[in-house]
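Hi,

Here's the structure I promised to pass on. Have a look at it first, and then read my notes below.

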Amino acid sequence: MPDRTSRALPAWSEFQRRMRRYVGGRVDPEWADDVTGDVFLRLLQRQDRLAEARDPLAWTYRVAANVIADHHRRRSVERRSLEQLGAEARTPDPELNGGDHEALRRDLEACLLPFALELPPKYAEALLLTYFRGLSQVEAAQRLGLSVSGMKSRVQRARALLKRQLLDCCDFELDRRGGVIDMRPRGSTAG
C-alpha cells in the first residue's frame, strides 16, 4: 500500500501543477489559485461523470474551461456592479439631512472612494456595499452570494488594504487615543 500511495502523490502533484498552469494562462494571476480550487471542487462534485468519460483528461480540461468561463462571466457582472455602485456612491443622496455629521461623512466618503475603487474588485465591492451603501455584512453577503463569514473576511481584508494605501499615501498625526487629528500627503512639508 505505501508503494501505491507514493506513486499516486507524484501523479497528483503533476496534475495539480499542470491544471494550475492551464488556469493561470487564462485568468488574472490573483485569481489563478481560486479558480484552480473551483476546478478541483467541480471535478470532485462530478466524479461520477469522470468515471464514465471516454477520455478522462479531455473531459477534465473541458470542466476546467467551463469553470474559467463561469469565472469570467462572474467577474464581468461584478465589474458592472462595482461601476454602478461607484457611480451611486459619488452621487449625493438628496434625502440626507444637512447636519454637520452628514457633511463630514460625505467629505470623508469622497476622499476614501478613489482609494476604495483602486482595490482589487472583490474588496472594493465589499467596501462599497458595506461602508458607502450602508448594507450590513449579512445583506452584502446575500447580495453577492457569499457566506457571512466569507463576507466578513472580505471586508476585513478590504479595510486592511485600504489602510495600507492610506498609510503609503499620507502621514497621519494621532491623538493619544489613536484618533486622527491631522493628515498630510507624504513628502509635503507643514506650512
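On the H6 side, Glu 125, Leu 129 and Thr 130 make the contact, and on the H7 side Gln 137, Ala 140, Arg 143 and Leu 144 do; contact here means heavy atoms within 4.5 Å. Sorted by class, that's three nonpolar, two polar and two charged residues. (Ala, Val, Leu, Ile, Met, Phe, Trp, Tyr, Cys and Pro count as nonpolar, Asp, Glu, Lys and Arg as charged, and the others, Gly among them, as polar.)

Before going on, keep in mind that this is a predicted model, where local features need pLDDT of at least 70 and side-chain atom pairs count only at pLDDT 80 or more, while totals for chains, interfaces and linings use all residues. Residues are numbered from 1 along each chain as its sequence is written, and side-chain values use heavy atoms, with hydrogens and water left out.

Back to the pair: the axes of H6 (residues 121–132) and H7 (residues 137–144) come within 9 Å and cross at roughly 130°. Axes are lines fitted to C-alpha atoms, for helices over the stretch in contact, and angles run from 0 to 180 degrees between N-to-C directions. H6 and H7 are therefore oblique to each other.

H6 also packs against H8 (residues 148–169), at an angle of about 100° and with the axes 8 Å apart. That is why H6 and H8 are roughly perpendicular. (Under 35 degrees is roughly parallel, over 145 roughly antiparallel, 65 to 115 roughly perpendicular, and the rest oblique.) The contact of H6 with H8 has nine nonpolar, one polar and four charged residues.

Now, which residues does Thr 130 touch, leaving aside its neighbours within four places in sequence? They are Leu 135, Ser 136, Gln 137, Ala 140, Met 151 and Val 155. Thr 130 counts as buried because its relative accessibility is 12% (buried is under 20% relative accessible area, exposed over 50%, partly exposed in between, with a 1.4 Å probe and protein chains only). Its side chain also reaches the backbone oxygen of Ala 126 at 2.7 Å.

Cheers

Key: Helices (H or I, at least four residues) and strands (E, at least two) are DSSP runs, numbered from the N terminus. A polar contact is a pair of N or O atoms within 3.5 Å; within protein, one must be able to donate a hydrogen and the other to accept it, and residues adjacent in sequence count only if both atoms are side-chain atoms.
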